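Please read the points with the structure open.

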Amino acid sequence: VDARLTTGSGGRSFIINWTVTFPNGLTEDNATRINVTTAVAEANANGALYISVPADGVPASTMVFGLYVANWMGNEDLTTLTIKKVTSNPPTVQIAGYGTSTSSR
């Protein structure tokens, strides 16, 4: 989750607060949940505008990330992003055509 394109800091650090919730519960054990909540806690401790967790460390679940950002002048905003990780494979896409096309110059 990346918010590094956030603007309005005037060259100063933002005040940030990340949150994460799992509104539908988890389909895996709590160890994978700890990976995500630990990454959120580390981002808050470091003032980071992004969170990175290896895919195998993310539970197959719906996660709602929240980000509160404020600048030194007191301007603030809050946004959320819902991510749903599924365990099924993505669909296979095939594009069928009538033949090949060749071009030359």
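1. The model is predicted: local features need pLDDT of at least 70, side-chain atom pairs count only at pLDDT 80 or more, and totals for chains, interfaces and linings use all residues. Residues are numbered from 1 along each chain as its sequence is written, and side-chain values use heavy atoms, with hydrogens and water left out.

2. The charged end of Arg-12 is 3.8 Å from the ring centre of Trp-72; that of Arg-4 is 4.4 Å from the ring centre of Tyr-50.

3. Thr-62 belongs to strand 2, residues 62-70 (strands are DSSP runs of E, at least two residues, numbered from the N terminus). Thr-62 counts as buried because its relative accessibility is 11% (buried means under 20% relative accessible area with a 1.4 Å probe, protein chains only). Leaving aside residues up to four places away in sequence, its contacts (heavy atoms within 4.5 Å) include Phe-22, Pro-23 and Ile-83.

4. What is the volume of the largest pocket? It is about 170 Å³, taken as the space filled by probe spheres set on grid points joined across faces, edges and corners. A pocket here is an open set of points on a 1 Å grid over the protein atoms alone, where a 1.4 Å probe fits, with protein on both sides within 12 Å along at least five of seven lines; lining residues have an atom within 4 Å of a point.

5. The largest pocket has 13 lining residues, and Thr-6, Thr-7, Val-69, Glu-76 and Asp-77 lie nearest its centre. Strand 2 and strand 3 (76-84) are the elements that give two or more residues to this lining, and strand 3 gives the most, four.

Methods. A charge sits over a ring if NZ of Lys or CZ of Arg is within 6 Å of the ring centre and within 35 degrees of the ring normal. Buried means under 20% relative accessible area, exposed over 50%, partly exposed in between (1.4 Å probe, protein chains only).
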